[in-house]
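Please open the structure in your viewer and keep the sequence panel beside it, ready to select residues by number. The tour below goes from one selection to the next and says what to look for at each stop.

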Amino acid sequence: FVPTAPRFAVSRTASLFGSATNEDWANPDRYLSDHPNNNIPPHIAALVGRGLHTKDDHPIGIIRSKIEEYFKSLPDGVGDSFHIFDAEDPIVTTKQCFDDLRLPPSHPGRSASDTYYLTEETLLRTHTSAHQSQHLSEGYEAFLCTGDVYRRDEIDSSHYPAFHQLEGVRLFDKDVMKGADGLSAEEWVNSPECKMVADDLKKTLEGLMDHLFGPVEKRWADDFFPFTEPSFEMEILYDGDWLEVLGSGVVHTEVLQNVGKDDRRGWAFGLGLERLAMILFKIPDIRLFWTDDERFHSQFKAGEITEFQSYSKYPPCLKDIAFWLPEGFVENDFFEMARGVAGDIVENMDLIDEFTNPKTGRTSKCYRITYRSMDRSLTNEEVDALQDELRDQCAGLGLEVR
């Protein structure tokens, strides 16, 4: 079944969890509960549903539009076949996000230290690939899927617990892949048909990079993703540096089997929109994408890539915190606690010292925290209050502050 929705149209897909709408998705109460598995803090719930990728004059939306523009331009009718999804429910199931994509229960990405759960079976999507099997099952054979995704992460200028991804998938006509019928998984990976799919993927994505950056030197490296085989990473040479820009590969045969597409072959790729926008617009801090400051937003217009002009650089305030580690300490849990205390005022957290006491065997870590607001100068008193609260909350993670 091939859907009859207009080609290269935007889909407003229904939620798997009732008749939720975009307005519902922006309601923090939807993500906060007393369920024992719910680990979504208020500062994350407040980010959901902002829809930065749908704003035509926001850097994230501008990059998304340029990517869609490129795919629409692909020749021989290929461009017309792509369907656009950009308004899907950020709540997905563990089956969608992990099982369908061959991420086993032991995979670190499924840990509560990495992922925001609502219940044991529902979560905020960690990648837009969570919708891949859904759309393949619905009969779509070529599509782009863009959305906000959520992962606990380190704290610095290029990492944030909410960001945006764009996923692309294309299946090939059965007749073109007829020579691969009946092949085992190993035979398929070594077949000329698999090479044909991989070559088309690379050609398509190399064209995308030229469309975004102008003619640039590119290189490919073999990679590993559970949901593609073979898998590839692309880097481009831009402003004198090699930059990783995306991951991709031939869709794994088991992923296709999971959606009843045993007889089909295709490719998939995924990229981070913040990553590309920071490069193209020269935006130095990922937090800026989420600001409401008009001094940021007034610099951008739909369809245009312009270099960001810094409007201020308020002074930082540095504070150190050291503690003895409990057994099973996970750094992301400490970072998440710090974000909960200070929000976006935390600019950076660096590990500056670590040692193990030879007598007791206990390990201590010391972090240097950079507090800085993008909008105003911070007072010593408010930073001291944040630091004191952070120290007080360390006990909740079993940390013994030194």
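Begin by selecting Leu399, which is found in the loop between α12 and β14 (400-401). Keep in mind throughout that this is a predicted model. Is Leu399 buried or exposed? Its relative accessible area is 5%, which is under the 20% cut-off, so Leu399 counts as buried. If you now show its surroundings and set aside residues up to four places away in sequence, you will find Leu399 touching Phe323, Trp324, Leu325, Pro326, Phe329, Phe334 and Cys394. For a sense of scale, draw a distance from the C-alpha of Leu399 to that of Gly109, a residue 290 places apart from it in sequence, and the two come out 24 Å apart in space.

Next, select helix α12, residues 380-393. Colour Val383, Leu386, Gln387 and Leu390, which are buried residues of α12. When you look down the axis of the helix, the buried residues fall within an arc of 95°, so they line one face of α12. On that side, the buried residues pack against β11, α11 (331-342) and β13, whereas the face turned away from them carries the exposed residues Glu381 and Asp392.

Now turn to the aromatic rings, of which the structure holds 22 pairs. Select Phe296 and Phe308, whose rings form a tilted pair, 5.7 Å centre to centre and with 55° between the planes. This pair links distant parts of the chain, since Phe296 is in helix α10 (residues 294-297) and Phe308 is in the loop between α10 and β11 (317-324), twelve residues apart. Both Phe296 and Phe308 are buried.

Then move to Phe323 and Tyr367, a stacked pair with 5.8 Å from centre to centre and 25° between the planes. Phe323 lies in strand β11 and Tyr367 in strand β13 (residues 363-371), so this pair ties together parts that are 44 residues apart in sequence. Phe323 and Tyr367 are both buried.

For a group of rings, select Tyr70, Phe71, Phe82, Trp267 and Phe269, which ring pairs link into a cluster. Two charged residues over rings are also worth a stop: Arg170 lies over the face of Phe172, at 4.4 Å from the ring centre, and Lys202 lies over the face of Phe232, at 4.2 Å from the ring centre.

The next selection is the largest nonpolar core, which has 69 residues, and in which Ile67, Phe71, Leu124, Met209, Phe213 and Phe289 have the most contacts. Helix α7 (residues 192-213) gives the most to this core, with nine residues. Apart from this core lies another, of 24 residues, among them Phe329, Phe334, Met337 and Leu399.

Return to Phe213 and, leaving aside neighbours within four places in sequence, show its contacts, which are Ile236, Tyr238, Leu276, Ile279 and Leu280.

Finally, select helix α9, residues 273-281, where eight of the nine residues are buried, so the helix is largely enclosed by the rest of the structure. Its buried residues include Leu276, Ile279 and Leu280. Just after α9, stop at Lys282, which takes a positive phi of about 55°.

Notes:
Residues numbered from 1 in each chain as written. Predicted model: local features only at pLDDT ≥ 70, side-chain atom pairs only at ≥ 80, totals over all residues. Heavy atoms only, no water. Core = buried A, V, L, I, M, F, W, Y, C linked by side-chain atoms within 4.5 Å. Buried < 20%, exposed > 50% of the residue type's maximum accessible area, 1.4 Å probe, protein only. Helix = DSSP H or I, 4+ residues; strand = E, 2+ residues; numbered from the N terminus. Contact = heavy atoms within 4.5 Å. Phe/Tyr/Trp six-rings, centres within 6.5 Å; stacked < 30°, edge-to-face > 60°. Lys NZ or Arg CZ within 6 Å of the ring centre and 35° of its normal. Expected span 1.5 Å × (residues − 1). Arc of directions from axis to C-beta.
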